Amino acid sequence: ERGERWQKTMAVRRRQRLGPGGGRALLAAVLLCLCCRAAAERVRYSIPEELGRGSLVGPLARDLGLSADELPARKLQVTSAGKKQLKYFTVNEENGNLYVNERLDREEMCGESATCSVSFEALVHNPLNVFHVEVAIEDVNDNSPSFSKASLNLEIGEWTLPGARFPLEMARDADVERNSLLTYQLTSNPSFSLALKKNPDGSKQPELVLERALDREKQSFFELVLTAVDGGDPARSGTVQVRVNVTDLNDNPPVFSKTVYEARVAENLPAESLVLQVRAMDADTGSNGRVSYSFSNVPEAISSLFTVDSESGEITTLGHLDFEEKSIHIFGLEAKDGGGLVSHCQVQIDVTDENDNAPEITILSLSSPVPEDAPTGTVVALLNVDDPDSGENGQVSCELSGEAPVSLVAAGANGRVSYWLAGGSAGAAGAAPLVSVEARSGALYAQRSLDYEQCREFAVEVRAQDGGSPARSSTATVRVFVLDRNDNAPRVLWPAAGPGEAPGAASAPAPFEVVPRSAEAGYLVAKVVAVDADAGRNAWLSYELVQATEPALFRVGLHSGEVRTARAVSERDAAKQRLVAVVKDHGQPALSATATLHVVLAESLQEALPELSERAAGADAPAAELQFYLVLALALLSALFLLSVALAVLARLRRA
């Protein structure tokens with residue numbers, strides 16, 4: 001990764017070149033000898049963001065193996081080629097503890113990156129040792145979801161059929177991971193419900209669903225409130241008002257030519273340069289077919305770099321693009337016609353690196369003057385050379401100018417590192433079947449397929465050893481977390497499938513619920529209960545009503561599974577209702593299961609019995625009809641037999 005620091009002793013030569021790698025740092029020692037006693041180790045800490053100045057990060061001196069008595073002589077200090085890293089932390093010279101020097105704002109430091117850390121070096125002298133220190137900054141839920149507009153205006157024609165969907169603006173949350181996972185809620189209204197559409201990047205697009213036909217003469221507008229809730233603990237939320245105006249015919253929304261637009265530009269692109277052009281078509285005529293383009297709730301960082309022409313859809317640059325600051329920009333655009341219908345697309349702009357950064361040389365340690373009787377091998381200076389560019393632009397070379405009895409020393413056996421497994425959570429023998437390590441690169445590979453439900457995490461111990469004599473080595477514990485895969489479909493616990501729903505089973509009554517005809521909107525009919533054996537997003541379940549005798553009469557809670565009446569029950573509604581709900585998880589791809597519920601509209605169970613009996617009788621009709629024909633045939637046979645006996649008796653009597 002760009003900006004990674006690494007150290008090497010260098011072979012005796014006047015000039016040394018680094019291998020390829022983006023933004024790599026070269027750490028060189030100016031020596032009087034072929035040997036260097038500087039060692040490299042790594043210390044890691046993890047702290048939450050927003051800690052105040054003076055907060056303890058960790059006992060750095062103790063973790064480096066230094067006692068309190070050694071501190072004055074060893075001169076513990078922190079240093080880095082990047083100046084901004086040092087402003088965040090400071091080390092106490094008396095106790096050797098590492099403290100926060102400036103408030104840490106993860107969003108300001110790392111933006112939307114999934115990981116955030118600050119790296120620097122700790123130096124101790126007499127003898128000289130270099131330690132790599134990395135402090136991971138964990139996200140806290142300190143940002144609420146927000147909408148770019150105070151209110152959203154939608155125009156829906158009174159001819160629009162129930163089931164039509166209208167995309168709503170997505171909220172933004174500056175936090176990351178779980179703290180930025182947003183769910184949406186809509187104020188209860190019998191005419192509308194809320195659905196969530198999954199975007200290509202995994203985010204959820206809220207959509208307003210029309211539940212019943214609108215009548216402009218009865219109600220010309222609706223005012224709703226859309227709430228976005230993040231996944232933090234405690235959760236934070238943000239709201240926006242949704243105003244729906246009932247209008248005349250506009251039956252075609254704009255349609256983008258692509259779902260995702262991509263472009264690649266250089267970081268030195270001048271301002272007002274064209275990046276790409278989006279295009280959406282609308283089949284309507286007049287003002288209903290006129291399309292305008294705008295950003296869809298983008299952060300200020302995007303609106304300060306790019307602009308979109310509302311008529312042409314051309315995206316141009318406003319500010320200076322910096323590859324080192326951010327290499328990929330992803331944002332949303334919306335197209336809106338004159339009638340208020342909206343569609344969305346996503347834009348991804350990749351910024352390519354240019355050689356616009358000169359290498360920076362930092363003196364980490366300097367011993368001056370040098371005694372004339374200094375033995376061979378004395379460290380004179382420790383230098384850090386850093387170039388934040390990427391690829392070939394980040395490759396650096398070092399050379400010494402002038403005549404001096406010093407040289408750059410490295411590419412020998414002392415710097416060659418090899419890796420192997422030294423143990424694990426089940427010992428070396430138990431860990432070996434799970435993973436292996438590549439001896440030269442240190443890459444860890446899985447040896448067989450892992451099952452999250454059987455093994456969620458395990459640890460292996462890796463040993464690194466150089467090729468010097470005597471060899472030096474150290475170990476590190478690698479903890480592997482197995483990520484869940486969506487390999488289990490939801491299982492419906494209630495309503496349980498009746499015996500008749502199982503293949504090859506005999507017919508049997510299915511579960512039913514009785515709803516009084518006096519029930520108002522919001523009446524709780526039943527609750528669909530389902531579970532998923534997966535974890536995380538793969539176990540998050542959502543419920544949707546996909547089939548109903550009266551689609552506008554019932555609705556199901558998106559996350560609760562509660563089946564409620566969407567409007568008051570009327571006398572015109574059929575007495576028997578059949579509902580089919582689908583339960584989906586949030587995996588990729590999503591898995592689902594269905595639940596069937598029968599509802600009888602009646603004031604009491606006694607009133608519902610005739611309907612149930614009629615349903616049972618209807619189910620048994622084929623068997624009853626077969627039984628009727630069998631009895632009729634038996635009766636006819638019996639009558640023929642009696643007639644034959646009677647005729648035989650009469651014939652005998654006549655002859656007598």
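Which residues does Val478 touch, not counting residues up to four places away in sequence? Keep that in mind while you get your bearings. The model on screen is predicted.

**Colour by confidence**

Start with pLDDT. The chain has a mean of 82, and 86% of its residues reach 70 or more. Now select strand β1, residues 5-7. Among the elements of the chain, β1 has the lowest mean pLDDT, at 30. Jump to strand β24, residues 314-317, for the highest, at 96.

**Val478**

Select strand β35, residues 473-481, and find Val478 within it. Show its surroundings. Val478 touches Leu444, Phe458, Ala459, Val460 and Val462, leaving aside residues up to four places away in sequence. Draw a distance from the C-alpha of Val478 to that of Val460: the model gives 5.3 Å. Along the chain, these two residues are 18 apart.

Is Val478 buried or partly exposed? Its relative accessible area is 30%, so it counts as partly exposed, since buried means under 20% and exposed over 50%.

**The loop between β9 and β10**

Go to the loop between β9 (117-124) and β10 (129-138), and pick Pro127. Asn126 is in this loop too. A cis peptide bond joins Asn126 and Pro127, with omega about -5 degrees. Asn126 also has a positive phi, about 60 degrees, although it is not a glycine. Most residues other than glycine have a negative phi, and most peptide bonds are trans.

**Glu177**

Next, select the loop between β12 (165-167) and β13, where Glu177 is found. Glu177 is not a glycine, yet its phi is positive, at about 55 degrees. Its relative accessible area is 55%, which means that Glu177 is exposed.

**The second largest pocket**

About 1200 Å³ of space lies in it. The lining has 42 residues; Leu194, Ala195, Tyr543, Glu544 and Leu558 are the closest to the centre. Colour the strands that give two or more residues to the lining: β13 (183-186), β14 (192-198), β15 (204-210), β40 (541-548), β41 (554-556) and β43.

Colour by domain next. Domain 2 (151-247) and domain 5 (491-498 + 510-609) each supply at least three lining residues. By class, the lining of this pocket has 19 nonpolar, 14 polar and nine charged residues.

**The loop between β43 and β44**

Follow β43 to the loop between β43 and β44, and select Pro589 there. A cis peptide bond joins Gln588 and Pro589, with omega about 0 degrees.

**The largest cavity**

Which residues line the largest cavity? Select Val528, Leu545, Val563, Leu579, Ala581, Ala595 and Leu597. By class, this lining has seven nonpolar, no polar and no charged residues. Strands β43 (576-585) and β44 (592-601) each supply at least two residues of the lining. The space in the largest cavity is about 40 Å³. The tour ends here.

Definitions and conventions: Residues numbered from 1 in each chain as written. Predicted model: local features only at pLDDT ≥ 70, side-chain atom pairs only at ≥ 80, totals over all residues. Heavy atoms only, no water. 1 Å grid on protein atoms, 1.4 Å probe; cavity = no way out; pocket = protein on both sides within 12 Å on 5 of 7 lines; lining within 4 Å. Points joined across faces, edges and corners; volume = space filled by probe spheres on them. Helix = DSSP H or I, 4+ residues; strand = E, 2+ residues; numbered from the N terminus. Nonpolar A, V, L, I, M, F, W, Y, C, P; charged D, E, K, R; others polar. Domains from an automatic or database assignment. Buried < 20%, exposed > 50% of the residue type's maximum accessible area, 1.4 Å probe, protein only. Contact = heavy atoms within 4.5 Å. pLDDT = per-residue confidence, 0-100.
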